[in-house]
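Thanks, everyone. I have one structure to go through today, and I will keep it brief. Please have a look at it first.

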Amino acid sequence: DGLTQGGIVDFDFTLPDDLTAYRIWAVATSDAACFGLGEGSIEAALPLTIRPSLPRFLNFGDSVELAVVVQNCATTEIHVDLAARSNCDVLALQRGGEDSRMLGCRIVMPPGSRQEIRFPAVARSAGTARFQVCGIVKTGSKSSDAASIELPVWTPATAEAFATYGHLDGSNLPEP
């Protein structure tokens, strides 16, 4: 680690497990008249990235497809086992029209590709819906990723309004 004769700085550091881009600046000086500035960028990515793309809220009784974007950041084809689960009392995943707490699938992804996977669900009651999804790469790197999301399920406002009119004293006077 340090500055080489050609003016190149070499050092090691550990990046977090985030999908993030970093901008790196280096400033060097050797005396009052010699200095230099260098700039570069680096992007950190896991071989498998899972990003839910869900609505901000649901209403009681809504049927929805919960979308998850799965990205293969690896340079090789990967086979991914994907599993999703929910708190069935508020948000029920659907398999063939029947409620299910868990769903899963296996997908094959070419290098550098993205794929949207949709999980059908129904909001069964008002409350907080919890949705979790995880993916495990079954070939090559054996990496994994997961996401957990909470979203409110509200009772919808009624769309009907009623108005009554008349006399409270029992008289049958005509209305103006």
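This is a predicted model: local features need pLDDT of at least 70, side-chain atom pairs count only at pLDDT 80 or more; totals for chains, interfaces and linings use all residues.

The core first. The largest nonpolar core has 29 residues. The members that touch the most other members are Val70, Val80, Leu82, Leu93, Phe119, Phe131 and Val133. Several strands contribute: S5, S7, S8, S9, S11, S12, S13 and S14 each supply at least two residues of this core.

Let me stay with Val70. Setting aside residues up to four places away in sequence, Val70 touches Leu48, Thr49, Leu82, Ile107, Met109, Ser113, Arg114, Gln115 and Ile117.

Where does Ser113 lie? Ser113 is in the loop between strand S11, 102-109, and strand S12, 114-123. Is Ser113 buried or exposed? With a relative accessible area of 17%, Ser113 counts as buried, because the cut-off for buried is under 20%. Neighbours within four places in sequence aside, the contacts of Ser113 are Val70, Gln71 and Asn72.

Now the aromatics. There are 2 aromatic pairs in the structure. One of them is Phe57 with Trp154, which is stacked, at 4.4 Å centre to centre and 20° between the planes. Phe57 sits in the loop between S5, 48-53, and S6, 58-59, while Trp154 belongs to strand S14, residues 144-154, so the pair ties together parts that are 97 residues apart in sequence.

Note on methods
Residues are numbered from 1 along each chain as its sequence is written. Side-chain values use heavy atoms; hydrogens and water are left out. Helices (H or I, at least four residues) and strands (E, at least two) are DSSP runs, numbered from the N terminus. Buried means under 20% relative accessible area, exposed over 50%, partly exposed in between (1.4 Å probe, protein chains only). Contact means heavy atoms within 4.5 Å. Rings of Phe, Tyr and Trp (its six-membered ring) pair if their centres lie within 6.5 Å; planes under 30 degrees apart count as stacked, over 60 as edge-to-face and the rest as tilted. A nonpolar core is a set of buried Ala, Val, Leu, Ile, Met, Phe, Trp, Tyr and Cys residues joined through side-chain atoms within 4.5 Å.
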